[in-house]
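Let's walk through this structure together, one region at a time. Keep the sequence and the 3D view open as you read.

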Amino acid sequence: MEWTRGHVIGRGATATVSIATSSLGDVLAVKSVELLKSEFLKREEKILSALSSPFVVGYIGCDVTRYNNTIMFDLMMEYARYGSLVDAIHKCGGCLDEPMISHYTSHIVHGLEYLHSTGVVHCDIKGRNILIGEDGAKISDFGCAKRIKNPGESTRDDREAWIGGTPAFMAPEVARGEEQGFPADIWALGCTIIEMATGGSPWPNLTHPSSLLYRIALSEELPEFPAFLSDKAKDFLNKCLRRDPKERWTATQLVKHPFLEELSSVKKSTNDDTADSPTSILDHGIWSFIDESETPYNHSRTYSTLNSPNQILKQLSMNSGSMVNWNREDSWITIRDSEDNNIRRIQ
Ligand SMILES: Nc1ncnc2c1ncn2[C@@H]1O[C@H](COP(=O)(O)OP(=O)(O)OP(=O)(O)O)[C@@H](O)[C@H]1O
């Protein structure tokens, strides 16, 4: 397919997204990265190309092109003209009202139900990774996603053991480096509902990466439920934000929750259709941020072999390998391991 690159519409930690037009006049979005650094985008392309749902951004194709004397790998997708859910939150004055939250949540839950039924864990659900198109919200950015081959089995291969995502949206078991399965996406969905309701982080008082990870991993706390939400909405949040992943509702259970009953027009059919330069987290001296005198939160039996929050944070770092990068944009920091494909994002 012939296509022409237009202006930039978004920049992530790894890629630049531009608008483009096809020779047939269709408008599309093209996510591009230098071919030599395209490992993550190729992996994203592999996962996205196998998906087809009205609640997931549509895959169009991929290409290798020359741009400004650089060979680029391009992932072509459906163009979501209203940008991300974060853009929608800003446009609505900084937070969404409950009917809008219910509306978008319905789409995201249906998207998760579809992904999980195909064995895909998204691993980075948050407002920035939900796009808004003509027909509603769509899950995008599969750069952290992974396939679980045998969801019912406890044995996991190396890929299934990867831990990734954005710490403010990380489930406790993920923050502890234990596992990242379907329930982790449900926790992140709960955090995204809080993001829609407040326009901010689910953990607003924790801006420091290590404090955030300590709190999520080791405390018994939950993010605060926004007071203005109805009992139905709070009950929905309560089903998502359970610290024990086994107690969280599945996406299939959540689609039937009364909080989403308002939804009438959701299509359920299958669709055929400026970041800073990355620098090493070690260069930033993250471990010097960890105050030995910081009070450890309650430890549970699951990580009894670890006797201090420092060890847990160090284990998280080791899980992410040696080539760890972070990248600030809109206050988010993304950390990736280019060798083992492990990814961390820290707010
Ligand atoms: N299909 C699309 N239609 C419209 N805008 C898009 C589309 N895809 C991405 N964008 C815009 O580009 C931004 C960056 O895209 P994306 O999150 O996929 O990149 P990324 O490099 O994986 O980001 P990060 O790793 O930092 O989350 C999005 O937040 C959104 O604003």
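## A pair of strands

Find Gly61 first: its bridge partner in strand S5 is Met76. This is a predicted model, so treat each feature here as part of a prediction. Strand S4, residues 59-67, and S5 run antiparallel and are joined by 8 bridges.

The two strands, S4 and S5, form a hairpin, with 2 residues between them.

In total, 23 residues surround the ligand, and the closest are Gly10, Gly12, Ala13, Val17 and Ala29.

What classes of residue make up this shell? There are 10 nonpolar, 9 polar and 4 charged residues. Domain 1 (3-80) and domain 2 (85-279) each supply at least three residues to the shell.

## The largest nonpolar core

Now turn to the largest nonpolar core, which has 78 residues. The members that touch the most others are Ile108, Trp187, Ala188, Leu189 and Met196. Helix H5, spanning residues 182-198, gives the most to this core, with 11 residues. Why does the core lie between domain 1 (3-80) and domain 2 (85-279)? Because both domains give residues to it.

For a closer look, pick Ile108. Leaving aside residues up to four places away in sequence, Ile108 touches Ile130, Ala137, Ile139, Leu189 and Thr192.

Definitions and conventions
Residues are numbered from 1 along each chain as its sequence is written. This is a predicted model: local features need pLDDT of at least 70, side-chain atom pairs count only at pLDDT 80 or more; totals for chains, interfaces and linings use all residues. A nonpolar core is a set of buried Ala, Val, Leu, Ile, Met, Phe, Trp, Tyr and Cys residues joined through C-beta atoms within 7 Å. A residue is buried if 20 or more other C-beta atoms lie within 10 Å of its own, exposed if 12 or fewer, and partly exposed in between; C-beta atoms are placed from the backbone. Helices (H or I, at least four residues) and strands (E, at least two) are DSSP runs, numbered from the N terminus. Domain bounds come from an automatic or database domain assignment. Two residues are in contact if their C-beta atoms, placed from the backbone, lie within 7 Å. A residue is near a molecule or strand if its C-beta atom, placed from the backbone, lies within 6 Å of it. Ala, Val, Leu, Ile, Met, Phe, Trp, Tyr, Cys and Pro count as nonpolar, Asp, Glu, Lys and Arg as charged, and the others, Gly among them, as polar. Two strands pair if DSSP finds at least two bridges between them.
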